[in-house]
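Please read them alongside the coordinates.

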Amino acid sequence: MKININNSYINLILLFPLFTLFQSYIGPINKILFILLMTVQMTMYLRRGISARFFALLSIVMLMECIALFSTSFPLQSINDIFYFPFIVIFYNFICENGAFFYDLAVKNIKSIKRIIYLWSFFIVVSIAFPLSYTQVWGGGTYFASFTGDPFRLCPTAFYILALILMVMMIEKNRKMFWFSIIPMFCFFSSGSRTYLLVGLLLFLIVWYKFFYNKHMFCLSLLPLVLLFLVFLVNSSMMQ
C-alpha cells in the first residue's frame, strides 16, 4: 500500500487536539504522535532540500539547547521541553518556507479539517454532562477540563480548534462554521485561566471579523459583544 506523505503529514498534525483530550487515559499517545510527526517532518525537509537558512537556524537552536542543558540542574522535571522547542522552531520554519504548499494542503484536506472540528466539538459537548470533566485545582473553584483532566491541557486544544475554524471560514467563505467557535470559547471561560481567555478572545475577534462581510456591521457589533463577554465573565469560574 502506497502512503501519501503529504496526507500523512497533515493528518498527524490534525490529530493532536483529539489525542490530547484523552491523553490522561492513554499516557504515551501524544509522544507516539510527536515521534511520528517529527519523522515525517524531517522527511519533508529532505524531500524538498535543506536550505542554508534552515541549517543555520537548526545550528542556533542546537547551540541554545546545549547551553540550556549545561546551565540546568538535574534531574529534569520533564524532558519534553528538550524536544518541543527545537521541533516548534523547525515546524514554523517549514511553514514560513512553504506557505503556498501548506495552503494547498489545507484546501485539499478541508474535509479532514472539518471532521476534526466536528469530532472535537462532539466530545467536548458530551463531556459537559460528566462530573469527572470538572476539577478543583486552585482557589477552591470548579473548572471545566473535559476528558483531559486539566484545564491547562484543554485550552491549547481549544486554541487549535479555533484556528482550524478560522482556516475553514477563510478557505470556504463558510460563515456557518463560526457557530462552532462558541465551544472553544466556553472552554476558555470555564478554564479559570485569564491568560488563556485573553489570548482566546483575541483569536475569537478575528473569527468574529470574518463572520461579517461588512466592516461597518462588525464595528457596530463590538459593543454588544463586549457586554455579552462581561456577563459570561462575571458568571464564570474565574470570578470564584
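1. The lining of the largest pocket divides into 27 nonpolar residues, 5 polar and 1 charged, where Ala, Val, Leu, Ile, Met, Phe, Trp, Tyr, Cys and Pro count as nonpolar, Asp, Glu, Lys and Arg as charged, and the others, Gly among them, as polar. A pocket here is an open set of points on a 1 Å grid over the protein atoms alone, where a 1.4 Å probe fits, with protein on both sides within 12 Å along at least five of seven lines, and lining residues have an atom within 4 Å of a point.

2. This is a predicted model, in which local features need pLDDT of at least 70 and side-chain atom pairs count only at pLDDT 80 or more, while totals for chains, interfaces and linings use all residues. Residues are numbered from 1 along each chain as its sequence is written, and side-chain values use heavy atoms, with hydrogens and water left out.

3. The volume of the largest pocket is about 1,200 Å³, taken as the space filled by probe spheres set on the points, which are joined across faces, edges and corners. Of its 33 lining residues, I13, F16, F91, Y92 and Y160 are the closest to the centre. Helix 7 provides the largest share of this lining, 10 residues, with helices being DSSP runs (H or I, at least four residues) numbered from the N terminus.

4. Leaving aside neighbours within four places in sequence, Y9 is in contact (heavy atoms within 4.5 Å) with L37, V40, Q41, M44, F91, F94, F102 and L105.

5. The count of disulfides, pairs of cysteine sulfur atoms within 2.5 Å, is 0. For C187, the nearest cysteine sulfur, that of C155, is 6.8 Å away.

Note on methods: Helix = DSSP H or I, 4+ residues; strand = E, 2+ residues; numbered from the N terminus.
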